[in-house]
Amino acid sequence: MTRQAFMARLREGLRGLPPSAQADIVADYETHFTEGQAAGRSEADVAAALGDPGRLARELRAEAGLKRWEEERSASAGASAVFAVLGLGALDILVLLPILMGVGGAIFGIGVAVIAVFFAGGVVFAAGPFTGIPGGPAVALLAGLGLMTGATSVGAVLAIVSIGLVNALVWYGRLHYRLLKPALEPQSLGGV
């Protein structure tokens, strides 16, 4: 994404904020691009490092709503903060939840299949030599071991994928906690 496209999407997402806040945010992100180019990075690299400008604008709007609440403590400021945070959460529920349900269902299904194949391999390993499998008992023993080993390998990869998914969700949750953290911290008592 080019600098111009990134900044246009960011400005579009910031619409509705006070003009001074918009100008400060835009100037800050223009500085990111200027410093990145001075360091030899391309516009696309800087834009990729900054993330999705639409998502960034939603988070900045939510943060502005929370700051307004901290400063004003009025009903309109409170409503602004609540709707800003709910806007982030609603987007997450509408976009992230169906994806997570699909991925979770696939992981569960593959896990059940892995367990079934492992036990089937155990049955082939244990009972195979006593049946009339072509190739004799050695083929049955090796086939059973192969099924059990393959199922164990797929189960290990599935565990790694599951751990990575949980780590990604924790990172995502921390991102939102970082956004809400200033509103959750107690106010300083100013020298008391």
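Guide: Before we start, one term: a residue is exposed if its relative accessible area is over 50%, buried if under 20%, and partly exposed in between. Keep in mind too that this is a predicted model.

Visitor: Fine. What does the secondary structure of the protein chain come to?

Guide: Six helices and zero strands. Read from the N terminus, the order is α-α-α-α-α-α. Of the 192 residues, 22% count as buried. The accessible surface is about 12200 Å², and carbon and sulfur atoms hold 70% of that.

Visitor: How do I read one helix? Take H2: which of its residues are buried?

Guide: Start with the general idea. An α-helix has 3.6 residues a turn, so residues three or four places apart point the same way. Now the case here: H2 buries Ile 25, Val 26, Tyr 29, Phe 33 and Gly 36. Looking down the axis of H2, you find these buried residues within an arc of 95 degrees, so they line one face of the helix.

Visitor: And which residues are exposed on the other side of H2?

Guide: Pro 19, Ser 20, Asp 24, Glu 35 and Ala 38. As for length, H2 has 20 residues and spans 28 Å from first C-alpha to last, close to the 28 Å expected at 1.5 Å a residue. Just after H2, Gly 40 has a positive phi of about 95 degrees.

Visitor: Where does the largest nonpolar core come from?

Guide: That core has 14 residues, and Phe 6, Met 7, Leu 10, Leu 14, Ile 25, Tyr 29 and Leu 60 are those with the most contacts inside it. Helices H1 (3–13), H2 (19–38), H3 (43–50) and H4 (53–72) each give two or more residues. The largest share, four residues, is from H2. To see a piece of this on screen, click on Leu 60: beyond its neighbours within four places in sequence, Leu 60 is in contact with Leu 10, Leu 14, Ile 25 and Tyr 29.

Visitor: Next, the rings. How many aromatic pairs are there?

Guide: The general idea is that a pair of aromatic rings is described by the distance of the centres and the angle of the planes. Here the count is three pairs. For Phe 6 and Tyr 29, the centres are 6.4 Å apart and the planes sit at 40 degrees, so this pair is tilted. Phe 6 is in helix H1 and Tyr 29 in helix H2, so the pair ties together parts 23 residues apart in sequence.

Visitor: How are the rings of Phe 118 and Phe 119 arranged?

Guide: Their centres are 5.9 Å apart and their planes at 80 degrees, so that pair is edge-to-face. Phe 118 is partly exposed at 33% relative accessible area, while Phe 119 is exposed at 57%.

Visitor: What is Met 148 in contact with, leaving aside its neighbours within four places in sequence?

Guide: Phe 118, Gly 121 and Gly 122. For the whole chain, among contacts between residues at least 6 apart in sequence, 60% join residues at least 24 apart.

Note on methods. Residues are numbered from 1 along each chain as its sequence is written. This is a predicted model: local features need pLDDT of at least 70, side-chain atom pairs count only at pLDDT 80 or more; totals for chains, interfaces and linings use all residues. Side-chain values use heavy atoms; hydrogens and water are left out. Contact means heavy atoms within 4.5 Å. A nonpolar core is a set of buried Ala, Val, Leu, Ile, Met, Phe, Trp, Tyr and Cys residues joined through side-chain atoms within 4.5 Å. Buried means under 20% relative accessible area, exposed over 50%, partly exposed in between (1.4 Å probe, protein chains only). Accessible areas come from the Shrake-Rupley method with a 1.4 Å probe; for residues, only the protein chains shown count as cover. Rings of Phe, Tyr and Trp (its six-membered ring) pair if their centres lie within 6.5 Å; planes under 30 degrees apart count as stacked, over 60 as edge-to-face and the rest as tilted. The expected span of a helix is 1.5 Å times one less than its number of residues. The arc is that of the directions from the helix axis to the C-beta atoms.
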